[in-house]
Amino acid sequence: MAQWFAAKEQAGSALVFFRMGDFYELFFEDAEAAAEALGLALTHRGEHQGHPIPMCGVPHHSHESYLARLIRRGFRVAICEQMETPEEAKARKSATLRREVVRIITPGTATEEALLDAARPAWLLALVRGGAAWLDVSTGAFHTQDAPEIAALVARLAPAEILTEEGLELEGATPALVPKDAPGRLAEALGVASLEGFGQFSPAESAAAAMAVDYVRGVQNGALPRLAPPMPEGARGVLLLDAATRRSLDILDGPRDASLLAAVDRTLTGAGARELAARLAAPLDDRAAIRARHDAVATLLEDGTRRAGLRAALKGAPDMARALGRLSVERFAPRDLGAIRDGLDRAGRLARLLDGVPPGLLDAAQAPLSALPALAQELARAVATELPARLEEGGTVAPGYDGELDALRRLRDDARGAIAAMQMQLAQAWGVASLKIRHHQQLGYLAEMPAAAGEKLLRAAPPGANGELAPIHRQSMASAHRFTCAALAALDRRLSEAGDQARAREKLVVAHLRRMILAEGDAIAAAAREMAALDVLAASAELASGGGWCRPEIAERPDFAIEAGRHPVVEAALRRARGPAFVPNDCDLSPGQRLCLLTGPNMAGKSTFLRQNALMVILAQAGLYVPARAARIGLVDRLFSRVGAADDLAGGRSTFMVEMTETAAILNQAGPRSLVVLDEVGRGTATWDGLAIATAVLEALHDRIRARTLFATHFHELTRLADGLPEMRLAAMQVREWRGQVVFQHSVAEGAAEKSWGVHVAKLAGVPPTVLKRAAEVLAGLEARAAVGTDPLTAAMPLFAGAPPPPQPPRASPLLEALLALDPDALSPREAHDALYSLKALAAAKEGL
Ligand code: ADP
Ligand code: MG
């Protein structure tokens, strides 16, 4: 327990996985937490201060799946290993094995396949005042940013783990320390004299980067994975999307897995999926770079044969970047060596398949993809075709690669043949036909036989069983007895020596291969990046090849003209449901008509239209094709979307305060190159307030900010602003009435919605007929007032604002209604009596008595 307490001290808040033989055991509150999280049985072992010690354990050989579940639940786990064998402990006359915490596994520092999501980067984000750094230990990617907008950065990266400097509060973050002399520490960690070669880092950026690196080192017991040179990322170059915009657009995640990413992802590799997610999370704001991506997609779209070849070579390609990460921290399995071998082979094939492409991204990828032919060849020779799960099992190195290893293996295998021969010899000498030689972990090779035969041999050994072959009894069990003899013991020694030597030699060869790979780490990482990028480009072309997607023209002028655009997620959902097809819609917010005010009843498709146009920008600037017949988009610098928040009232997110904070962010940050998409501003408050605020926001966007704007509203009254705002166009969702029912046509037409369709929608939703009838009456009254010139804005709205309703318009009598609602045949005499009383009471109320 003393050892455990020491380990726990070092582990801090992490659960201690305390190795005891074939198990990792957990004790005290760790055991309680893990038993709860994993559904394990909680037992007890020994006592501490008079109380039994809670304990639970997981088998060593299957611990990764338990680890994965704990890490996913947000736990950190410290691995405390046995650092010596029982023999070594005995040799130094110690009753307990030496144990040490070798590593603390946290969500942001894991490298094991089982702990990672193949399709998502595992960012560890470090935040200090005025700076941020984020790195992916599993691939070595490393970035920094000066003066980041924290909420936006967190929303963009969706980090696996966040570190914050003392004094910076952020929910769920781990507090960490900024080391002294941060630039020096960082340079040392990266093996350079100074950071200057990597670009310009602000003091805050290098502080954040050093904090991240120190943390990784701390949890890995001093070891540091291979890291790419950190890339300082200015705010320039990417389309800015704030946290609320990301939430409203379901870019990477959405309800029921319906996200933009899921709808457009046709990648074939985990690395490709990660790259696509990264591109959608941070679209570009640089025309040349975006065009370069579109050019590449166009090339691959036109050349279907080449695309098919590339995709065939990508399919099933291993994750080189992550294998390299595991190799760099020496926590690798044989398949990681196989991954580098196969990955380089695939990269070479991809490079050849790119022969003859026009200049551009594809052409530039050829060199990095085929940069390592010598290493590829060497690994092809060195790494076995069939790989064992673990290095200790032997067989990682291919036969024929290392002469000495081959010789040792031959010796070992010859000895195996000798075991078979010895089994025959002993069976004969001891007169036991059923004798079998088996290997035991502790006892080595032993001859095993059924209990009866064993008893007989013990009573009287046959004459041939003497000298080297004289049986020596080792163990009796209920059903079997185990023996050895001098000859078998000698063979056992020879065999285990040959095995040990072969293993030791293989370890050396593997270490050599690992060094060879790490020496080319940067080039391998570059090849892996190109492969991922190629996967994304080919996937985008594949998606577009299905028809209905077009190359967006990225213009200098702040145009925005979409012809027959669609919402890829809603479209996919409709297709899956085999319902009506998605109705494409145009949208033009080009100069002269920058602002579009969209009206229409609920469920008509307003939010969908707004979102689809915002998504168009994300897809286009991420370098993908867009779901439209044609699209011309002037480069967008910031995209603001506030759609659907108002629908989330139940989620508790969209209080009026939140809505206004988010609106304020737009009014403060949007500019003439931005696209603003606003849904139902002011819905979270009383009608008067809401209408006033919506009006003011619209005017500001039109007159001062001059952003391209889509503004959906159910405040019909806003359409009157069109007269005063020359760049504002009115649009309405088309709705038809058919046999008293509403039919949504989901198409956008010019002009304002003619009629409030709320009552009809309420009917569709199953609101009881009496309530509908009453609503229809109120509506008729309001319309009548508007018709005679009374402004329904000033006179009718108080009805909804909660003021006492004016006595006009004509209204059916409650007495009459109650009477009509009675069904005499359905009443018991008692109920009939009660009904009479309540009718009388109503009559009295009406007469004011
Ligand atoms: P609103 O915001 O006007 O209340 P939504 O945009 O939420 O309406 O759309 C309601 C539903 O109508 C969507 O869930 C979708 O199923 C359907 N819909 C919306 N737009 C279209 C369209 N263009 N084509 C087909 N169906 C659509
Ligand atoms: Mg809506």
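Mentor: We start with the helix pair and then turn to the backbone.
Mentor: This is a predicted model, where local features need pLDDT of at least 70, side-chain atom pairs count only at pLDDT 80 or more, and totals for chains, interfaces and linings use all residues. Residues are numbered from 1 along each chain as its sequence is written, and side-chain values use heavy atoms, with hydrogens and water left out.

Trainee: At what angle do H6 and H7 cross?
Mentor: The axes of H6 (residues 182–189) and H7 (residues 203–219) cross at roughly 50° and come within 8 Å. The pair is therefore oblique, a term for angles that are not under 35 degrees (roughly parallel), over 145 (roughly antiparallel) or 65 to 115 (roughly perpendicular).

Trainee: Left-handed or right-handed?
Mentor: The crossing of H6 and H7 is left-handed, meaning that the near helix is turned anticlockwise from the far one by less than a right angle.

Trainee: And which residues of H6 meet H7?
Mentor: Ala182, Pro183, Arg185, Leu186, Glu188 and Ala189 do, and their partners in H7 include Ala210, Val213 and Arg217, with contact taken as heavy atoms within 4.5 Å.

Trainee: What about phi of His746?
Mentor: His746, in strand E27 (residues 741–750), has a positive phi near 60°, and this histidine is partly exposed at 36%.

Conventions
Chains are lettered from A and ligands numbered from 1 in the order in which they are written. Axes are lines fitted to C-alpha atoms, for helices over the stretch in contact, and angles run from 0 to 180 degrees between N-to-C directions. Helices (H or I, at least four residues) and strands (E, at least two) are DSSP runs, numbered from the N terminus. Buried means under 20% relative accessible area, exposed over 50%, partly exposed in between (1.4 Å probe, protein chains only).
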